[in-house]
Amino acid sequence: MCGLKMFQIDLKTLGADGYRLTQRLDDTFFALVKGEEVQHGDLSVEVAIQPVEQAFDVDMKVEGEVQLTCDRCLESYMQPISATQHLVVTLGDTFEEDENTMTLPVEQSEMDLSWLIYELIVLALPFRHVHAPGNCNPAMMSVLEAHSANRSGEERATVDPRWSELEKLKNNI
């Protein structure tokens, strides 16, 4: 991969056939994009841009896996990713963006797909980053279980017996 230049598309110079890109994304892509959420992965991306009347239909598809840190055991794991997005891009006076449409200023008609692809990857991530059940680091899980057992009330078994007697008196009244 030779940088992010291949993801810079000038919509003014796009022909009637549109534009197609199929590219492998690896750690180099994530280093160049400089996003915080994902820094390692191996994905394939397909982008199709088709001129339609006064707009451009942009279809993006990413598949592969990214490396995340497990929220439970803090070990790295590979998270499968599969996502698609359809975006309608128009040229106008000012930059505007919402969920599925984008307006680029006519004088700056170059669209940067790299950040859009990165956002698509990040939005495809699950809310909780965890290993599949049983795959977490066993040493960390035993420490976590010991600490969560203390918080869940298992310490109540060692209550001073005098308090237990007072509790009985209170319940009899």
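User: Is Thr103 buried or exposed?
Analyst: This is a predicted model. Buried means under 20% relative accessible area. Thr103 has 19% relative accessibility, so Thr103 counts as buried.

User: Where is Thr103, and what does Thr103 touch?
Analyst: Thr103 sits in strand E7, residues 101-105. Leaving out residues up to four places away in sequence, Thr103 touches Thr90, Leu91, Gly92, Thr94, Phe95 and Glu96. With Thr90 there is also a polar contact between side chains, at 3.1 Å.

User: How many salt bridges does a search of the whole structure find?
Analyst: Side chains of opposite charge can pair when their charged atoms come close. The search of the whole structure finds four salt bridges. One of them joins the side chains of Asp42 and Arg24, at 2.9 Å, N to O. Asp42 lies in strand E3 and Arg24 in strand E2, so this pair ties together parts 18 residues apart in sequence.

User: How are Glu165 and Lys168 placed in helix H4?
Analyst: They are three residues apart, so about one helical turn separates them. Their side chains meet in a salt bridge of 3.3 Å, N to O. Glu165 is partly exposed at 45% relative accessibility. Lys168 is partly exposed too, at 49%. Elsewhere, salt bridges that share partners join Arg24, Asp26 and Asp42 into one network.

User: Which residues make the nonpolar surface patch?
Analyst: Val159, Trp163, Leu166 and Leu169 make a patch of about 440 Å². Val159 lies in the loop between helix H3 and helix H4. At 41% relative accessibility, Val159 counts as partly exposed.

Terms used
Residues are numbered from 1 along each chain as its sequence is written. This is a predicted model: local features need pLDDT of at least 70, side-chain atom pairs count only at pLDDT 80 or more; totals for chains, interfaces and linings use all residues. Side-chain values use heavy atoms; hydrogens and water are left out. Helices (H or I, at least four residues) and strands (E, at least two) are DSSP runs, numbered from the N terminus. Buried means under 20% relative accessible area, exposed over 50%, partly exposed in between (1.4 Å probe, protein chains only). A polar contact is a pair of N or O atoms within 3.5 Å; within protein, one must be able to donate a hydrogen and the other to accept it, and residues adjacent in sequence count only if both atoms are side-chain atoms. Contact means heavy atoms within 4.5 Å. Patches are made of residues with over 30% relative accessible area and no salt bridge: like charges are joined within 9 Å, nonpolar side chains (Val, Leu, Ile, Met, Phe, Trp, Tyr) within 5 Å. Accessible areas come from the Shrake-Rupley method with a 1.4 Å probe; for residues, only the protein chains shown count as cover.
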